[in-house]
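Here is a short note on the aromatic rings of this model. Please read the points with the structure open.

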Amino acid sequence: MTNYYSANVGVLLNNGNGTFAAAVTYASSGSNPNSVAAGDLNGDNKADIAVANYSSGTIGVLLNNGTGVFAPAATYPSGNVDPISVTIGDFNGDGKGDLAAALYISSTIGVLLNNGAGTFAAAVTYPSGGSGPYAVAAGEFNGDGKTDLAVANYSTKTVSVLQNNGTGTFAAAVSYPSGGNNAYALAIGNYNGNGPADIAVANHNSSTVGVLLNNCNPDPCPAIPVSIPDAKALPSGVQPNTVYPGYAPAASITLTVKINGGTGPYNYTWSNGSHNASIVVSPTAKTTYKVSVSDANGCPGNQASITIYVVDVHSGKKGDKVEVCHKPGKLNETLSIAASAVPGHLGHGDMLGSCSRAGSCSDASGTSFTAQAVDRDAAQPNDLSAQVFVKALPNPSRQYFVLDIKTGDLSQPVQLRVVDFYGRVVEQKASLMGNQTLRLGESYKAGIYFAEILQGRQKTVVKLVKQ
């Protein structure tokens, strides 16, 4: 606290239970100290004291010795003869506490930048934006992360804001009515919880408090989630996100953007140059398509992408037939049929492409997986103790699969890996026991998968069809 007529400041140390020891006073090294502020001014993480000596035109700085005892005040010219209020803030972004003083008679604000060890450069003054600045406070008012200044102008009944330019200099003050007579004191806080700091001002002669809510929204854009849902070239008989050159109706696929949030209409920029919400693509090799979206207010959404795979189904000596997998998961017979016959086959559950096409696949990283189809009803080798037998029921399935795993060797763990049509791993399990049943596939999308069961050097692969 400042003791105006005795030219000192009083320090009351907390006893630790909300009570305080008797005040210890320190000379302010100036006349009529009117305002005091606390903050780390020399980078030792201990709270020091700055005091505005009104009649002597100085700012006194008392550095903390570390035990709540303060060194004698060092004084610095405030920029005029009348500092009535002082505040501490990092105004030039160097992590050190700087000083700002309200200079009442000259209607200016003096800013003293910290030299780095608790000493200060000469004051630079800025117009306060009104008459009779009685209080100054530091706060972040425009969302740029830099410490700005607010000033209570007593005589003009206004509150001014000086925005920080980022280097310890300030833009011209912008003034707002205080809501009463004789703006006297300030308190900075986020009173409505929606962004940069707001200002409360005590109006001396009208016995009111004015609250100035901050209109600044540093990020007026809401989150705009953008996605490209999985797509199919045909309603049935195809894998998602796949085109099939060789059968014209499935050689192209339509990709459509899904947007949640923002304000329409939207602007679209696809990686292929299109600016529509939907695009029709016919890649001849695996291709990733990306889209960027912004709304009517210019607010951006996240970039979305999707990868389209290619399965060439040309067949026949002249390439005029279409390859179809007949009764996948059961008969697994690859047919070469006329294009006109394809709709009928797909309508009763056949799939475009060879039944063995997924037997040698590559994932996005180029890793190859070789899956040899296993006939569950075929005779097994004579060395039954070294074999792994697997049945999948039901198969095909609309819900889930139950794998019945039988092993002749119970001493070694069993590993399971499931890959999709393209060899991408969709599920893995390790250290399974032999002779057990395992349920999986509930979350799988419709398509063809391969379950690879490993025990030691023995491997069995079962084709799974999710409908």
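1. Rings of Phe, Tyr and Trp (its six-membered ring) pair if their centres lie within 6.5 Å; planes under 30 degrees apart are stacked, over 60 edge-to-face, and the rest tilted. Tyr-104, Tyr-134, Tyr-154 and Tyr-184 form one aromatic cluster. The structure holds 10 aromatic pairs.

2. The model is predicted: local features need pLDDT of at least 70 and side-chain atom pairs count only at pLDDT 80 or more, while totals for chains, interfaces and linings use all residues. Residues are numbered from 1 along each chain as its sequence is written, and side-chain values use heavy atoms, with hydrogens and water left out.

3. Take Tyr-26 and Phe-70. Their ring centres are 5.6 Å apart and their planes stand at 75°, so the pair is edge-to-face. This pair links distant parts of the chain, 44 residues apart. Tyr-26 lies in strand β3 (residues 24-27); Phe-70 lies in the loop between β6 (58-62) and β7 (74-77). Strands (E, at least two residues) are DSSP runs, numbered from the N terminus.

4. Tyr-26 has a relative accessible area of 15%, so it is buried (under 20%, with a 1.4 Å probe and protein chains only). Phe-70 is buried too, at 10%.

5. Now Tyr-444 and Tyr-449. Their ring centres are 4.8 Å apart with planes at 35°, so this pair is tilted. Tyr-444 is buried at 9% relative accessibility. Tyr-449 is buried at 8%.

6. What sits over the ring of Tyr-400? The charged end of Arg-439 does, 3.6 Å from the ring centre. The criterion is NZ of Lys or CZ of Arg within 6 Å of the ring centre and within 35 degrees of the ring normal.

Terms used: Helices (H or I, at least four residues) and strands (E, at least two) are DSSP runs, numbered from the N terminus. Buried means under 20% relative accessible area, exposed over 50%, partly exposed in between (1.4 Å probe, protein chains only).
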